[in-house]
Amino acid sequence: MPTTTPNKFCIVASLDSGPFSKKDTMHKKLVYAVGGLDKNQPPPYRSAKAFVSDFGSESLTWEELPPMSSPKLIHFGIVSPSDGKLYAYGDAQKEEVQVHHVQHRTKVQYVAEGDIFDPASRSWTSCPPPCCYNVSSVRVHDYAFDKEQNKLVVFINSDYVLSFDLTTLVWRTNLHRVRLTPQSYGAVSSSVVVGDTLYKYHLGQLYALDKTSPSPSFELVPGLTKKVDSYMRSTECVYKSYLSYLGKGKFALVWGGPSFRARSNRDAVFIYCLTFWVGVCNRTNQRHVLIDQRQEYFADGPFLHDCMAL
């Protein structure tokens, strides 16, 4: 959260005792941090811990909540605006099975599980796991929240697109299989839903998918690729970029650079934010990106772990 000092972030609520690689989500002024990796746990080092902080209070501290039903490396955590419940999904465990006819080789199988936290009763209940036909190992690679329909759009194994209704707790598995590029499997991406369109930032490019189409497919939205490639190469983008929708056709792409040692002898990192609009070109009747500006911020910490649009 920015301070009054320009282009500088400060720590407003430290969670030093919690796991890392956890997932954060916000509802109104409550910020939840759930799951993650914990080196104090046995392999595969998953954590069942959950925390909440009220960013509307004067004393910004983290309160530890009851643990989830099982340890998870959380891939997405969403708070439903309709009931205020937290829905958390992730890899609960990794199972290694021997690959036939290959000596000393194992194949990792991921087990995706979900939990629902009710703030009224302060308790967790199990949630139906995502299912995908003809796929033995299920892993969530990306997701987007459709606020209007109170549904999650989830990417399983990179290119299987499923939807989950937070009202009925039912997975829809009859969506089309969508693959962006032959190299898409395992690649890091970030998605948002705006009306009937799903936008996906993937490998330096922005794609759009019409959810109402009988045969949905991703179409490239031009105007972003060269700028992003130039910016990220100059800033040495690390791991993942985060796509957010700010409203009125405006988006933000946030990423972090490599960490370094600050003068205070603490780890620090530069955080970059590129804002842009997506509109329809009158001549071609196709979507196009219009770049707004790029800003950079300085923050304490070794890396950018997660970000949210308020």
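Colleague: Which residue does K211 form a salt bridge with?
Modeller: In this predicted model, K211 forms a salt bridge with D146, and the closest N and O atoms are 3.1 Å apart. The pair links distant parts of the chain, since K211 sits in the loop between β15 (205-210) and β16 (218-221) while D146 belongs to strand β9 (residues 140-146), 65 residues apart.

Colleague: And D146, buried or exposed?
Modeller: D146 is buried, with a relative accessible area of 4%, whereas K211 is partly exposed at 25%.

Colleague: How many salt bridges does the structure hold?
Modeller: The structure holds five salt bridges, and one of them joins R122 to E63, with the closest N and O atoms 2.8 Å apart. R122 lies in the loop between β7 (106-118) and β8 (123-127) and E63 in strand β4 (residues 63-65), so this pair ties together parts that are 59 residues apart in sequence.

Colleague: What about D292, which partner does that have?
Modeller: D292 forms a salt bridge with K250, the closest N and O atoms being 3.0 Å apart. Because D292 lies in strand β21 (residues 287-300) and K250 in strand β18, the pair ties together parts that are 42 residues apart in sequence. D292 is partly exposed, with a relative accessible area of 28%, and K250 is partly exposed as well, at 22%.

Colleague: Switching to backbone, what is phi of K248?
Modeller: Phi of K248 is near 55°, a positive value in a residue other than glycine. K248 lies in the loop between β17 (241-247) and β18 (250-256), and at 83% relative accessibility K248 counts as exposed.

Notes:
Residues are numbered from 1 along each chain as its sequence is written. This is a predicted model: local features need pLDDT of at least 70, side-chain atom pairs count only at pLDDT 80 or more; totals for chains, interfaces and linings use all residues. Side-chain values use heavy atoms; hydrogens and water are left out. Helices (H or I, at least four residues) and strands (E, at least two) are DSSP runs, numbered from the N terminus. Buried means under 20% relative accessible area, exposed over 50%, partly exposed in between (1.4 Å probe, protein chains only). A salt bridge is a side-chain nitrogen of Lys or Arg within 4 Å of a carboxyl oxygen of Asp or Glu.
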